Amino acid sequence: MLERNSIISAFTNQLQPLDYVLAFWEAGSTAFARNDQWSDLDFYIVVEDEYVEKAGEQLALILDKLGGYDLVFQLPEPTWHGHFQIFYRLKNASPFLFLDIVIMKESSPDKFLQYAVHGQPVVFFDKKGIVKDDPVNPDILLEKLKKRLEYLKTTFELFKVLTLKELNRNKPVLAYPYYFSMTLRPLVEVLRIKYAPFHYNFFTAYIDHDLPSDIYQKLKRFFFVAEEKKLRQAHADAVKWFEEVVNQIDFAEVRKKLIKSN
């Protein structure tokens, strides 16, 4: 079975000699020094603008030398982020060790290099000094967070009844999805705005690291409501907590967090 280091070495050895490939690094959990045996590989490749397609073809050749793949998924284009992105599951590796590969043009303005948001990448090679921190403007993000909070306040107030509607109809199977999407997700987001604003839209990713331990422990019980009769109370408690957190958010303090962590 292939290990992550052998996969990294294979990609580095095959990509680095290519003149049109300018940089190659790993992001994801590795960028936060949190990768483990269950982590996938998040590869970022920067190429000269006209070579994205050729670089994509090169991936198949590299994977063929590693024993091939049995599953592939390319993100439909145009992608939401504007880059070519493809996923591979290798035949000779753990299914957890699938590849998430993004190919970026050299001219692309956003290469996910805001270290405060995406962590510090592990660079395998960088021929033109491309990989460097692109600090987030705290004031621009702060205004975005303010608008986002107003959106959450309005939509939460409007849609919080959806869980109750299905419980009143004695349809808990319909109630649970509303509880997760319309109650828990916005609750997590306002907690992140308060405690971890750079990751306000990460939902549960890294949440055990991003939130204070007591807040994380309190939040856990809202995710494990096994009995439908307890769902109504969990929903009520989550609504109350959401409203408390919204009233506690001090954007002067949020700005201090942004500046300190940037």
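## Two helices side by side

The angle between two helices runs from 0 to 180 degrees and is taken between their N-to-C directions, each axis being a line fitted to C-alpha atoms over the stretch in contact. In this predicted model, helix α5 (residues 161-168) and helix α6 (residues 172-195) pack at an angle of about 170°. Their axes lie 8 Å apart. An angle over 145 degrees counts as roughly antiparallel, and α5 and α6 are therefore roughly antiparallel to each other.

The residues that bring the two helices together can be named. From α5 come Leu162, Thr163, Glu166 and Leu167. They meet Pro172, Leu174, Ala175, Tyr178, Tyr179, Met182 and Thr183 of α6. Sorted by class, this contact of α5 with α6 consists of eight nonpolar residues, two polar residues and one charged residue.

## The chain as a whole

The chain has 262 residues, of which 47% are buried. Its secondary structure comprises ten helices and six strands. Along the principal axes, the C-alpha trace spans about 60 × 40 × 35 Å.

The accessible surface of the chain comes to about 14200 Å², and carbon and sulfur atoms account for 52% of that area. Contacts can also be sorted by separation in sequence. Of those between residues at least 6 apart, 65% join residues that are at least 24 apart.

## The two sides of helix α10

Helix α10 covers residues 251-261, and its buried residues are Phe251, Val254 and Leu258. These three cover an arc of only 50° around the axis, so they are on the same side of α10. On the other side of this helix, Lys256 and Lys260 are exposed.

What do the buried residues of α10 pack against? Their partners are α4 (138-159) and α6.

## A buried phenylalanine

Phe222 belongs to helix α8, which is made up of residues 213-223. Is this residue buried or exposed? Buried means a relative accessible area under 20%. Phe222 has a relative accessibility of 1%, and therefore counts as buried.

Neighbours within four places in sequence are left aside in the following list. Phe222 is in contact with Tyr179, Leu184, Ala234, Asp237, Ala238 and Trp241. One of these partners, Tyr179, is also among the α6 residues that meet α5. Phe222 and Tyr179 are 43 residues apart in sequence, while their C-alpha atoms are 9.7 Å apart in space.

## Backbone features in the loops

Most residues other than glycine have a negative phi, and most peptide bonds are trans. The residues below depart from these patterns.

Asn170 has a positive phi, near 60°, although it is not a glycine. Tyr206 lies in the loop between α6 and α7 (207-210).

Which residues does a cis peptide bond join? The two are Glu77 and Pro78, and omega is about 5°. Pro78 is found in the loop that runs between strands β3 (69-74) and β4 (84-90).

Note on methods:
Residues are numbered from 1 along each chain as its sequence is written. This is a predicted model: local features need pLDDT of at least 70, side-chain atom pairs count only at pLDDT 80 or more; totals for chains, interfaces and linings use all residues. Side-chain values use heavy atoms; hydrogens and water are left out. Helices (H or I, at least four residues) and strands (E, at least two) are DSSP runs, numbered from the N terminus. Angles under 35 degrees count as roughly parallel, over 145 as roughly antiparallel, 65 to 115 as roughly perpendicular and the rest as oblique. Contact means heavy atoms within 4.5 Å. Ala, Val, Leu, Ile, Met, Phe, Trp, Tyr, Cys and Pro count as nonpolar, Asp, Glu, Lys and Arg as charged, and the others, Gly among them, as polar. Buried means under 20% relative accessible area, exposed over 50%, partly exposed in between (1.4 Å probe, protein chains only). Accessible areas come from the Shrake-Rupley method with a 1.4 Å probe; for residues, only the protein chains shown count as cover. The arc is that of the directions from the helix axis to the C-beta atoms.
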